[in-house]
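Please keep the sequence and the model open while reading.

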Amino acid sequence: MRFAEEHPVGGLVLVSACHTDLGDRGERASGYYPPSGGPWQWEKIRKNTGWIIQFHSRDDPLVPVEEGRTVAAELQSEYHELDGRSHFFDPFDELITVLSARMNG
């Protein structure tokens, strides 16, 4: 997402996206998340991106679903909220289905 703030991209696929450091000291030190990384430039991301598809699982043990919902609202993404996928450690057919439709539609 940070890359798309400054550079045009054809599209983004976001899986278990978050907008905060989730209280993790290592993530905070990375400088990726606010406040050290600066505020998210949601409008720039939207303008620089042809399309945004996002997936989140309601039972994600690492990134709360509320994080994904916030990102989806800010980016106005095509948001797919699924059940029983945890943190998407395993491949999932919905990704292929949605991308195929995007590429062929």
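Helix α1 (residues 2-6) holds both R2 and E5, which are 3 residues apart, about one turn of the helix. Helices here are DSSP runs of H or I with at least four residues, strands are runs of E with at least two, and both are numbered from the N terminus. An α-helix has 3.6 residues a turn, so residues three or four places apart point the same way. The side chains of E5 and R2 form a salt bridge at 3.0 Å, N to O; the term stands for a side-chain nitrogen of Lys or Arg within 4 Å of a carboxyl oxygen of Asp or Glu. Both E5 and R2 are buried, where buried means under 20% relative accessible area, exposed over 50%, and partly exposed in between, with a 1.4 Å probe and protein chains only.

The model is predicted: local features need pLDDT of at least 70, side-chain atom pairs count only at pLDDT 80 or more, and totals for chains, interfaces and linings use all residues. Residues are numbered from 1 along each chain as its sequence is written, and side-chain values use heavy atoms, with hydrogens and water left out.

**Salt bridges**

The count of salt bridges comes to 9.

| Pair | N to O distance |
|---|---|
| E5 and R2 | 3.0 Å |
| E78 and R102 | 2.7 Å |
| E94 and R85 | 2.8 Å |

E78 bonds to R102 in a salt bridge. E78 lies in strand β3 and R102 in helix α5, so the pair ties together parts that are 24 residues apart in sequence. E78 is partly exposed at 29% relative accessible area, and R102 is partly exposed at 35%. In the pair of E94 and R85, E94 is partly exposed at 24% relative accessibility and R85 is partly exposed at 29%. A network of salt bridges links R58, R69, E81 and D83.

**The sheet**

Three strands form an open sheet in the order β1-β2-β3, with parallel pairing; two strands pair if DSSP finds at least two bridges between them. β1 and β3 are the edge strands, each pairing on one side only. On average, neighbouring strands of the sheet are turned by 15° against each other, direction ignored. Axes are lines fitted to C-alpha atoms, for helices over the stretch in contact, and angles run from 0 to 180 degrees between N-to-C directions. β1 and β2 run parallel and are joined by 4 bridges. V15 has F55 in β2 as its bridge partner, and L14 has Q54. α4 touches β1, β2 and β3, and its direction makes about 165° with that of β2; contact means heavy atoms within 4.5 Å. Helix α5 (residues 93-104) also touches β1, β2 and β3, and its direction makes about 165° with that of β2. The covered face of β1 carries L12 and L14, whereas V13 and V15 are on the uncovered one.

**Helix α4 and the cores**

Which residues of α4 are buried? They are V65, E67, G68, V71, A72 and L75. These residues cover an arc of only 155° around the axis, which puts them on the same side of α4; the arc is that of the directions from the helix axis to the C-beta atoms. Their packing partners are β1, α3, β2 (52-57) and β3 (78-82).

The largest nonpolar core has 14 residues, and M1, L14, W42, I45, V71 and L75 touch the most other members. Such a core is a set of buried Ala, Val, Leu, Ile, Met, Phe, Trp, Tyr and Cys residues joined through side-chain atoms within 4.5 Å. β1 (12-15), α3 (42-48) and α4 (65-75) are the elements that give two or more residues to this core. Not counting residues up to four places away in sequence, W42 touches M1, H19, V71, E74 and L75. Apart from this core lies another, of 6 residues, including I53, F55, F88 and V98.

**Backbone exceptions**

Most residues other than glycine have a negative phi, and most peptide bonds are trans. S16, in the loop between β1 and α2, has a positive phi of about 55° and is buried, with a relative accessible area of 7%. F88, in the loop between β3 and α5, has a positive phi of about 60° and counts as buried at 12% relative accessibility. The peptide bond from P34 to P35 is cis, with omega near 5°, and P35 is found in the loop between α2 (25-29) and α3.
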